[in-house]
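User: Hi! I am new to protein structures and would like to learn how to read one. Could you take me through some features step by step?

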Amino acid sequence: MKHLSSRRNFLTWTGAAIGAGLFASQNSFGFTDRFAAGNFPPISSQSDAEPADHLLHIAASPIEIAPKRIISTITYNGQFPGPLLRMKEGRPVTVEIHNGTDSAEQLHWHGQKVSTEVDGAAEEGTPDIPAHSMRRISFMPQPSGLRFYHTHNRAGANLYAGQYSGQVGAVYIEPKNDPGNYDREFFLVLKEFEPSFSQGGDMAQDFLSPATKVKELEESGESAMKASLAKGVPHGYEVGYRYFTINGRMLGHGEPLRVKQGERVLFHILNGSATEIRSLALPGHSFKVIAFDGNPVPHPAEVPVLWLGTAERISAVVEMNHPGVWVMGDLADDDRSHGMGIVVEYAGQKGKPLRTPPKPFHWDYTRFANPAGSAAAPDETIPMTFTKRNAAEHGFNVWAINDVAFASGTMRPTYHLQQGKRYRLHMHNASDDIHPIHLHRHSFELTRLAGQSTAGVMKDVVMVGGYQEVEIDFTADNPGLTLFHCHQQLHMDFGFMTLFDYI
Ligand SMILES: [Cu+2]
């Protein structure tokens with residue numbers, strides 16, 4: 001929620017669309033990078049096998065986030081976001097990944113139930129894609145819905161590496177039976193660029209509901225922080241950004257999303273940030289949330305604002321019943337004025353895009369849960385406490401799960417699971433940060449959130465609020481090493497990670 005640039009207003013409403021026609025089709029990202037086609041080495045299959053279903057080429061590329069504002073980052077296929085990969089439930093795919101960089105890469109299939117051989121995490125034993133080399137993989141895409149792919153490299157102090165780069169793309173796995181109850185579909189990828197470090201301490205955010213904090217967690221977290229600061233240690237590093245984009249374009253500098261009155265528009269939204277939590281509102285409209293992280297919710301409900309932790313996805317339908325030209329953007333004024341938004345333009349409407357701030361609204365996952373449901377009892381409960389060691393490693397905060405900071409580069413499991421059993425992770429957050437917690441190769445059910453029982457919401461990332469408790473259940477049904485980590489790059493890189501295995 002921070003940026004580090006001047007307060008200069010970057011917004012210049014150019015009005016007329018550039019390159020009209022790029023956005024004519026449905027199912028589009030709305031923006032095609034002009035470097036994607038012309039200025040990029042051709043990709044050819046280097047194997048004798050059948051041509052792959054998808055080719056991905058990792059390389060440094062220029063991307064134009066606003067007219068004449070061209071940044072350099074590592075991308076997939078020379079574009080940002082990476083190409084939308086459409087797969088079909090039950091139909092195997094082959095993907096050829098070419099690494100044109102000087103470093104080994106890992107490409108993670110986030111949210112998919114795949115093997116450790118293809119998942120894309122060195123800690124699980126997935127083979128690297130060596131520098132200037134290629135790896136070809138095959139797998140059965142599942143489950144259906146909005147998934148994504150991104151690098152799983154550790155970045156550490158290198159703000160050009162890992163998810164600070166442009167290595168993010170959406171995957172849509174078409175279900176066998178798609179009700180298709182919408183007129184138009186947009187995929188939106190939210191992403192910041194040009195990161196830098198600060199030591200201010202991040203802003204506390206209080207948008208989560210229930211807001212119940214655990215006194216003991218608060219006392220231990222606050223006293224650890226006070227003790228560190230009393231010794232003269234500054235706050236650990238945080239990351240801020242200069243530019244904010246949706247589908248690789250700063251607000252006002254890309255093609256608008258063109259809609260017609262009366263349409264039902266399905267938005268598939270992906271928070272592709274390395275570190276940030278994002279919000280999104282469209283003035284005069286509400287979002288009917290139908291899926292979280294690609295999984296249909298038991299109780300679709302309408303909300304005025306969406307909140308997405310790092311790596312979370314939301315699929316939501318909007319009834320286009322409020323004609324005009326609108327800014328769909330982040331609630332944070334600073335972030336929006338530095339690009340975090342996109343224009344929604346009704347057919348026949350002209351003028352400067354307008355925005356009205358929404359009324360205060362709290363984000364509650366349980367709103368979309370089965371109101372009458374109760375979760376199955378687990379076979380075993382695993383308690384976990386998350387702690388922060390302020391600025392403990394060369395100025396970086398170190399994070400620990402049950403007092404253990406993960407040693408990067410190892411494949412040593414801490415938790416041993418038995419196949420077929422249902423496990424409950426009882427997470428206690430003894431820090432004031434919100435952590436978007438991710439489990440690889442499995443989906444989990446939210447069963448308790450800040451003291452409130454819930455059932456039926458299936459996810460693969462969940463935001464655990466500052467000094468709060470959250471419980472999630474999963475079934476051990478995909479054997480092999482399984483990574484569990486905070487998806488905030490700065491947290492996962494400095495200890496906030498652990499491994500499950502199956503015995
Ligand atoms: Cu975290």
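User: How many aromatic pairs does the structure hold?

Analyst: Rings of Phe, Tyr and Trp (its six-membered ring) pair if their centres lie within 6.5 Å; planes under 30 degrees apart are stacked, over 60 edge-to-face, and the rest tilted. The structure holds 22 such pairs. Tyr-76 and Tyr-149 make a tilted one, with 5.0 Å centre to centre and 45° between the planes. Tyr-76 belongs to strand S2 and Tyr-149 to strand S7 (residues 145-151), so this pair ties together parts 73 residues apart in sequence. Strands are DSSP runs (E, at least two residues), numbered from the N terminus.

A note on the source: this is a predicted model, where local features need pLDDT of at least 70, side-chain atom pairs count only at pLDDT 80 or more, and totals for chains, interfaces and linings use all residues. Residues are numbered from 1 along each chain as its sequence is written, and side-chain values use heavy atoms, leaving out hydrogens and water.

User: Are Tyr-76 and Tyr-149 buried or exposed?

Analyst: Buried means under 20% relative accessible area, exposed over 50%, and partly exposed in between (1.4 Å probe, protein chains only). Both Tyr-76 and Tyr-149 are buried. Phe-80 and Phe-193 are buried too; their ring centres are 5.1 Å apart with planes at 85°, so that pair is edge-to-face.

User: What is the strand order in the open sheet of four strands?

Analyst: Strands of a sheet pair through backbone hydrogen bonds, either parallel or antiparallel. Two strands count as paired if DSSP finds at least two bridges between them. Here the order is S2-S1-S4-S6, with mixed pairing. Strands S2 (69-76) and S6 (133-139) are the edges, each pairing on one side only. S4 (residues 93-99) pairs with S6 in the antiparallel sense over seven bridges.
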